[in-house]
Amino acid sequence: MQNFGCRATQADGAAIERQFQELGLEQAGGPSKAGIVVLNTCTVTASADQDARAAIRRIHRENPGCRIVVTGCYAQRAPEELATLPGVSQVIGNSHKHRLAEIAEIGPRISDFRLRTGSPARDFVPLLQLVGEGQGPTTEVRSHVFVSDIFAHTELLAAPVFEAANERTRPNLKVQDGCDNRCSFCVIPYVRGQSRSLPLGEVLREVNALVESGYREVVISGINLGRWGRDFVWGGRPRPPRFEDLVWAILSETSLEKLRISSVEPMDWSDELIQMMARSPRVAKHAHVPMQSASDRVLRAMHRKYRPWHYRERVEKIRAAMPMAAIGADVMVGFPGEEGDDFDETVRMVEALPFTYLHIFTYSARPGTPAAALRNQVPVHVARERNRILRELAAEKKLAFMRGFVGHPVEAITLQSSRSLSSRAELDDLPANQSGGVEGPVVFTEALTDNYLKLRLKGRHEPNLWLTAQVVQVESGTLFGTLN
Ligand code: SF4
């Protein structure tokens, strides 16, 4: 199983792994040893598509005998394109992901699918021949494609994601999928469908199970997380359930020590949500508020639902309520028609607001989206330069924020690994008072602060502990600290 892309895709991948386990299949020790390899793809940019195609080619080269099953957002958007790639045995869109293991396991005996499921396999499209883009007049295709109208689907795949590497201590739980907005640059609604939420009871069950397994922090995520609950039938109640109700329920009905909220769209940062986050020590002080642009003209062309002054007001409220919180944003540069003046407005907003980190994206035209049809595309070199300017600005702001913690205590959770820094380069990188002039290895434990800063804690510490550390220095984008 190989996952690409965002947290939501990782969560789908975890749910697919559960499906295979329920069928009694086990993880192989890597693609070269597997009988079936599932590639869970992303299609948010052209380079995400390219990465998926490169992975398919590599796996087919290394293990020509395995069946490659491609799923995810790219599979939903362009199944035929993927079906023509050598080695691909099945393409299963997001529409059919909830039954992926069953379909993949049956594999070539695909006619059994109708028998086992008891439902007609009407969405199953056996592609025998089709013209592949740039591949000559006809291409023989042996893949089976399972894709249907994503807007007709209401299933929500959900399983906590336990990230590899050193973050096994902070599982991510997807509680919402799909999106009812239509931002003009975004392909996600077309590949993930309408907004739908994991019922409250199921969220609480998953969180309680994670708490019982010993996890101390859980991250809740979604494609448009702030819309959680709006799709529920709410007959008899005065209003539909809202995201604030979900946060409140997790705090009051589980004993989770720390809840971290991933990205929430600007207009869903209600006063109530901000206050709940500010007042509860059990909610990580971390607000991610997608901005995209600070130009009103560009925001309108993007079909974003807020104006720059709304955005500014929300972020200022968050900062006023939580002076030490991490505040992050997604910013897009090079949207079609973005003039120098529009970009300058974004730069001024970034300078003025108390961001502690930014995710900066360069616009990438996605086939089928309204923005892709706009004629005034921004030249690549201009978009790259704007990206560079914002990255530098973001790095300066982050550093200034981090420096403010030197000499102060911070709350942090220890991650999976301790690192022994022993190479000359690594030791030279250390603050003088951390290496202490010692020639031998210096051991640090990686940690993440409540407000989303990387911390290296001197000494070896168990993973998954909330500790209070004293920050002694900032170096290479990391806080260095010791235990009080
Ligand atoms: S809010 Fe806009 S950018 Fe985000 S998933 Fe929905 S359509 Fe895409």
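By class, the shell around the ligand holds six nonpolar, two polar and two charged residues. Here Ala, Val, Leu, Ile, Met, Phe, Trp, Tyr, Cys and Pro count as nonpolar, Asp, Glu, Lys and Arg as charged, and the others, Gly among them, as polar. This is a predicted model: local features need pLDDT of at least 70, side-chain atom pairs count only at pLDDT 80 or more, and totals for chains, interfaces and linings use all residues. Residues are numbered from 1 along each chain as its sequence is written.

**Ligand shell**

- The residues surrounding the ligand are C179, N181, R182, C183, C186, I188, P189, I223, N224 and E265.
- A residue is near a molecule or strand if its C-beta atom, placed from the backbone, lies within 6 Å of it.

**Overall make-up and confidence**

- The protein has 16 helices and 20 strands. Helices (H or I, at least four residues) and strands (E, at least two) are DSSP runs, numbered from the N terminus.
- Of the 484 residues in the protein, 43% are buried. A residue is buried if 20 or more other C-beta atoms lie within 10 Å of its own, exposed if 12 or fewer, and partly exposed in between; C-beta atoms are placed from the backbone.
- Among contacts between residues at least 6 apart in sequence, 71% join residues at least 24 apart. Two residues are in contact if their C-beta atoms, placed from the backbone, lie within 7 Å.
- Mean pLDDT, the predictor's confidence in each residue from 0 to 100, is 87 for the protein, and 85% of its residues reach 70 or more.
- Over residues 110-141, pLDDT stays under 50. For that stretch the model has 39 contacts beyond four places in sequence.

**The four-strand sheet**

- Four strands make an open sheet with mixed pairing, in the order β10-β9-β11-β12. Two strands pair if DSSP finds at least two bridges between them.
- β10 (196-197) and β12 (258-261) stand at the edges. Each has a single partner strand, so one side of each is left without a neighbour in the sheet.
- Helix α1 (residues 7-22) packs on this sheet and touches β9 and β11. Its direction makes about 105 degrees with that of β9. Axes are lines fitted to C-alpha atoms, for helices over the stretch in contact, and angles run from 0 to 180 degrees between N-to-C directions.
- Four bridges link β9 (residues 172-177) and β11 (residues 217-222) in the parallel sense. K174 has S221 in β11 as its bridge partner.

**The three-strand sheet**

- A second open sheet runs in the order β13-β14-β15, with parallel pairing. Its edge strands are β13 (286-288) and β15 (357-362), and each pairs on one side only.
- From one strand to the next, the twist averages 15 degrees.
- Helix α14 (residues 380-403) packs on the sheet, touching β14 and β15. The direction of α14 makes about 175 degrees with that of β15.
- β14 (residues 326-333) joins β15 through six bridges, and the two run parallel. V333 is bridged to T362 in β15.

**V331 and Q292**

- V331 lies in strand β14. V331 counts as buried because it has 25 C-beta neighbours inside 10 Å.
- Leaving aside neighbours within four places in sequence, V331 is in contact with M291, Q292, T346, L358, I360 and L390.
- V331 and Q292 are 39 residues apart along the chain, but their C-alpha atoms are separated by 3.9 Å.
- Q292 lies in the loop between β13 and α11 (296-301). Q292 is also buried, because 24 C-beta neighbours lie inside 10 Å.
- Phi of Q292 is positive, near 70 degrees, in a residue other than glycine.

**Strands β18, β19 and β20**

- β18 (residues 454-458) and β20 (residues 478-483) run parallel, joined by three bridges. R456 has F480 in β20 as its bridge partner.
- β19 (residues 466-475) and β20 run antiparallel, joined by six bridges. V474 is bridged to L479 in β20, and V471 is bridged to G481 in β20.
- The hairpin of β19 and β20 has two residues between the strands. S476 lies in that loop, and its phi takes a positive value near 50 degrees.
- S476 counts as exposed because 11 other C-beta atoms lie within 10 Å.
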